[in-house]
Amino acid sequence: MNKKTQSHRVTSSSKSSGRKKPRKRLSFGRKTALAGVFILVALMFVPTVTTGIRQAQQISVLERDNAATEQEIRDLEKKQQELKDPKHIERRARDEYHYAKPGEKIFIVESDKDEHGSANQANKGERQRPWYVELSDSLKTVGLATEE
(Lines give C-alpha, C1' and ligand atoms only; values in the text may rest on other atoms or scores of the structure.)
Protein backbone atom coordinates (compact mmCIF):
# COMPACT_ATOMS: atom_id res chain seq x y z
CA MET A 1 0.00 0.00 0.00
CA ASN A 2 2.90 2.23 0.59
CA LYS A 3 3.93 2.14 -3.05
CA LYS A 4 0.45 3.00 -4.24
CA THR A 5 0.32 5.97 -1.96
CA GLN A 6 3.72 7.17 -3.16
CA SER A 7 2.80 6.77 -6.81
CA HIS A 8 -0.33 8.67 -6.15
CA ARG A 9 1.66 11.44 -4.56
CA VAL A 10 4.01 11.55 -7.48
CA THR A 11 1.20 11.98 -9.96
CA SER A 12 -0.43 14.67 -7.89
CA SER A 13 2.86 16.48 -7.53
CA SER A 14 3.48 16.33 -11.29
CA LYS A 15 0.14 18.01 -11.90
CA SER A 16 0.85 20.85 -9.53
CA SER A 17 4.39 21.41 -10.73
CA GLY A 18 3.36 24.67 -12.36
CA ARG A 19 3.54 23.41 -15.92
CA LYS A 20 0.50 24.23 -17.91
CA LYS A 21 -0.13 22.73 -21.25
CA PRO A 22 -0.51 25.38 -23.91
CA ARG A 23 -4.16 25.88 -24.81
CA LYS A 24 -4.96 25.24 -28.43
CA ARG A 25 -6.48 28.16 -30.24
CA LEU A 26 -9.30 27.66 -32.67
CA SER A 27 -8.30 28.17 -36.25
CA PHE A 28 -10.12 30.62 -38.50
CA GLY A 29 -11.95 27.81 -40.24
CA ARG A 30 -13.21 26.36 -36.98
CA LYS A 31 -14.30 29.78 -35.75
CA THR A 32 -16.18 30.36 -39.00
CA ALA A 33 -17.85 26.95 -38.79
CA LEU A 34 -18.86 27.57 -35.17
CA ALA A 35 -20.28 30.98 -36.03
CA GLY A 36 -22.16 29.39 -38.94
CA VAL A 37 -23.70 26.81 -36.63
CA PHE A 38 -24.82 29.51 -34.19
CA ILE A 39 -26.37 31.53 -37.03
CA LEU A 40 -28.12 28.43 -38.36
CA VAL A 41 -29.57 27.64 -34.94
CA ALA A 42 -30.73 31.25 -34.54
CA LEU A 43 -32.37 31.18 -37.98
CA MET A 44 -34.18 27.99 -37.06
CA PHE A 45 -35.81 29.73 -34.09
CA VAL A 46 -36.90 32.90 -35.95
CA PRO A 47 -40.03 31.33 -37.55
CA THR A 48 -41.02 29.87 -34.19
CA VAL A 49 -40.72 33.23 -32.46
CA THR A 50 -42.63 35.10 -35.19
CA THR A 51 -45.35 32.46 -35.12
CA GLY A 52 -45.61 32.85 -31.35
CA ILE A 53 -45.90 36.62 -31.63
CA ARG A 54 -48.55 36.33 -34.35
CA GLN A 55 -50.53 33.85 -32.27
CA ALA A 56 -50.33 36.12 -29.21
CA GLN A 57 -51.74 38.98 -31.29
CA GLN A 58 -54.53 36.74 -32.59
CA ILE A 59 -55.34 35.66 -29.05
CA SER A 60 -55.66 39.26 -27.87
CA VAL A 61 -57.96 40.10 -30.82
CA LEU A 62 -60.09 37.04 -30.10
CA GLU A 63 -60.29 37.93 -26.40
CA ARG A 64 -61.54 41.42 -27.30
CA ASP A 65 -64.08 39.92 -29.70
CA ASN A 66 -65.14 37.49 -27.00
CA ALA A 67 -65.64 40.32 -24.50
CA ALA A 68 -67.68 42.29 -27.05
CA THR A 69 -69.80 39.24 -27.79
CA GLU A 70 -70.40 38.62 -24.10
CA GLN A 71 -71.51 42.24 -23.68
CA GLU A 72 -73.84 41.85 -26.66
CA ILE A 73 -75.29 38.70 -25.08
CA ARG A 74 -75.94 40.58 -21.83
CA ASP A 75 -77.63 43.41 -23.74
CA LEU A 76 -79.81 40.98 -25.66
CA GLU A 77 -80.78 39.13 -22.48
CA LYS A 78 -81.75 42.45 -20.92
CA LYS A 79 -83.81 43.34 -24.00
CA GLN A 80 -85.46 39.92 -23.84
CA GLN A 81 -86.46 40.53 -20.22
CA GLU A 82 -87.86 43.94 -21.17
CA LEU A 83 -89.93 42.37 -23.93
CA LYS A 84 -91.54 40.05 -21.39
CA ASP A 85 -92.90 43.08 -19.51
CA PRO A 86 -96.39 44.09 -20.77
CA LYS A 87 -95.88 47.73 -19.77
CA HIS A 88 -92.72 47.95 -21.84
CA ILE A 89 -94.49 46.49 -24.89
CA GLU A 90 -97.35 48.94 -24.47
CA ARG A 91 -94.94 51.89 -24.21
CA ARG A 92 -93.06 50.80 -27.36
CA ALA A 93 -96.32 50.31 -29.27
CA ARG A 94 -97.42 53.82 -28.33
CA ASP A 95 -94.06 55.52 -29.00
CA GLU A 96 -92.87 53.75 -32.13
CA TYR A 97 -96.08 52.63 -33.82
CA HIS A 98 -98.47 55.32 -32.56
CA TYR A 99 -100.94 52.83 -31.13
CA ALA A 100 -103.72 54.20 -28.98
CA LYS A 101 -106.18 52.77 -26.52
CA PRO A 102 -109.84 52.85 -27.50
CA GLY A 103 -111.20 56.39 -27.08
CA GLU A 104 -107.75 58.11 -27.17
CA LYS A 105 -106.78 60.62 -29.84
CA ILE A 106 -103.19 60.81 -31.10
CA PHE A 107 -101.66 64.09 -32.27
CA ILE A 108 -98.33 64.02 -34.12
CA VAL A 109 -96.45 67.30 -34.23
CA GLU A 110 -93.65 67.63 -36.78
CA SER A 111 -90.86 70.13 -36.28
CA ASP A 112 -88.37 71.87 -38.56
CA LYS A 113 -85.61 71.04 -36.12
CA ASP A 114 -83.86 67.71 -35.78
CA GLU A 115 -83.13 65.91 -32.51
CA HIS A 116 -80.24 68.21 -31.59
CA GLY A 117 -82.27 71.37 -32.01
CA SER A 118 -80.31 72.69 -34.98
CA ALA A 119 -81.88 73.68 -38.28
CA ASN A 120 -81.94 71.13 -41.06
CA GLN A 121 -78.63 71.54 -42.91
CA ALA A 122 -79.81 69.96 -46.15
CA ASN A 123 -82.47 72.64 -46.63
CA LYS A 124 -80.35 75.62 -45.61
CA GLY A 125 -77.08 74.62 -47.31
CA GLU A 126 -75.04 75.70 -44.29
CA ARG A 127 -72.27 73.69 -42.69
CA GLN A 128 -71.36 73.58 -39.04
CA ARG A 129 -67.77 72.46 -39.78
CA PRO A 130 -65.32 73.27 -42.58
CA TRP A 131 -65.55 71.09 -45.71
CA TYR A 132 -62.10 69.56 -45.22
CA VAL A 133 -63.04 68.26 -41.75
CA GLU A 134 -66.17 66.65 -43.20
CA LEU A 135 -64.08 65.13 -46.01
CA SER A 136 -61.58 63.74 -43.50
CA ASP A 137 -64.39 62.24 -41.40
CA SER A 138 -65.99 60.61 -44.43
CA LEU A 139 -62.64 59.13 -45.50
CA LYS A 140 -62.09 57.78 -41.98
CA THR A 141 -65.56 56.24 -42.06
CA VAL A 142 -64.79 54.50 -45.33
CA GLY A 143 -61.36 53.47 -44.07
CA LEU A 144 -59.20 55.33 -46.56
CA ALA A 145 -57.55 57.69 -44.08
CA THR A 146 -55.54 57.19 -40.94
CA GLU A 147 -55.92 58.97 -37.64
CA GLU A 148 -53.34 61.73 -37.23
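Tutor: In what follows, helices (H or I, at least four residues) and strands (E, at least two) are DSSP runs, numbered from the N terminus. The model under discussion is predicted.

Student: What percentage of the residues in the chain is buried?

Tutor: A residue counts as buried when its relative accessible area is under 20%. The chain holds 148 residues, and the buried share of them is 1%.

Student: Over residues 59-86, how far apart are the end C-alpha atoms?

Tutor: The unreviewed UniProt entry annotates residues 59-86 as "coiled-coil region". In the model, this stretch is 93% helix and 0% strand.

Student: Are α2 and α3 roughly parallel or roughly perpendicular to each other?

Tutor: Two packed helices are described by the angle between their axes and the distance between the axes. Helix α2 spans residues 28-83, and its axis lies 6 Å from that of α3, at an angle of about 90°. Angles of 65 to 115 degrees count as roughly perpendicular. The description of α2 and α3 is therefore roughly perpendicular.

Student: Which residues of α3 meet α2?

Tutor: On the α2 side, the contact involves K79, E82 and L83. The residues of this contact divide into 2 nonpolar, 1 polar and 3 charged. From α3, the partners are H88, I89 and R92.

Student: Is H88 buried or exposed?

Tutor: H88 is placed in helix α3, residues 86-97. Leaving aside residues up to four places away in sequence, H88 touches E82 and L83. The relative accessibility of H88 is 13%, under the 20% limit, so H88 is classed as buried.

Student: What distance separates the C-alpha atoms of E90 and K101?

Tutor: E90 also belongs to helix α3. With 35% relative accessibility, E90 is partly exposed. E90 and K101 are 11 residues apart along the chain, and their C-alpha atoms are separated by 9.8 Å.

Student: What is the phi of H98?

Tutor: H98 sits in the loop between α3 and α4 (121-124), and its relative accessible area of 42% makes it partly exposed. Most residues other than glycine have a negative phi. H98 is not a glycine, yet its phi is positive, at about 55°.

Student: How many aromatic pairs does the count come to, and why is the pair of Y97 and Y99 edge-to-face?

Tutor: Rings pair if their centres lie within 6.5 Å, and planes over 60 degrees apart count as edge-to-face. By this rule the count is 2 aromatic pairs. The ring centres of Y97 and Y99 are 6.4 Å apart and their planes stand at 65°, so this pair is edge-to-face.

Student: What is the angle between the ring planes of W131 and Y132?

Tutor: The rings of W131 and Y132 have centres 5.9 Å apart, and the pair is edge-to-face. The angle between their planes is 85°.

Student: Are Y97, Y99 and W131 buried or exposed?

Tutor: The relative accessibility is 55% for Y97 and 55% for Y99. W131 has a relative accessible area of 55%. Values over 50% count as exposed, so Y97, Y99 and W131 are each classed as exposed.

Technical notes. Residues are numbered from 1 along each chain as its sequence is written. This is a predicted model: local features need pLDDT of at least 70, side-chain atom pairs count only at pLDDT 80 or more; totals for chains, interfaces and linings use all residues. Side-chain values use heavy atoms; hydrogens and water are left out. UniProt positions are given in the numbering used here, feature names are shortened, and annotations may be inferred rather than shown by experiment. Rings of Phe, Tyr and Trp (its six-membered ring) pair if their centres lie within 6.5 Å; planes under 30 degrees apart count as stacked, over 60 as edge-to-face and the rest as tilted. Buried means under 20% relative accessible area, exposed over 50%, partly exposed in between (1.4 Å probe, protein chains only). Contact means heavy atoms within 4.5 Å. Axes are lines fitted to C-alpha atoms, for helices over the stretch in contact, and angles run from 0 to 180 degrees between N-to-C directions. Angles under 35 degrees count as roughly parallel, over 145 as roughly antiparallel, 65 to 115 as roughly perpendicular and the rest as oblique. Ala, Val, Leu, Ile, Met, Phe, Trp, Tyr, Cys and Pro count as nonpolar, Asp, Glu, Lys and Arg as charged, and the others, Gly among them, as polar.
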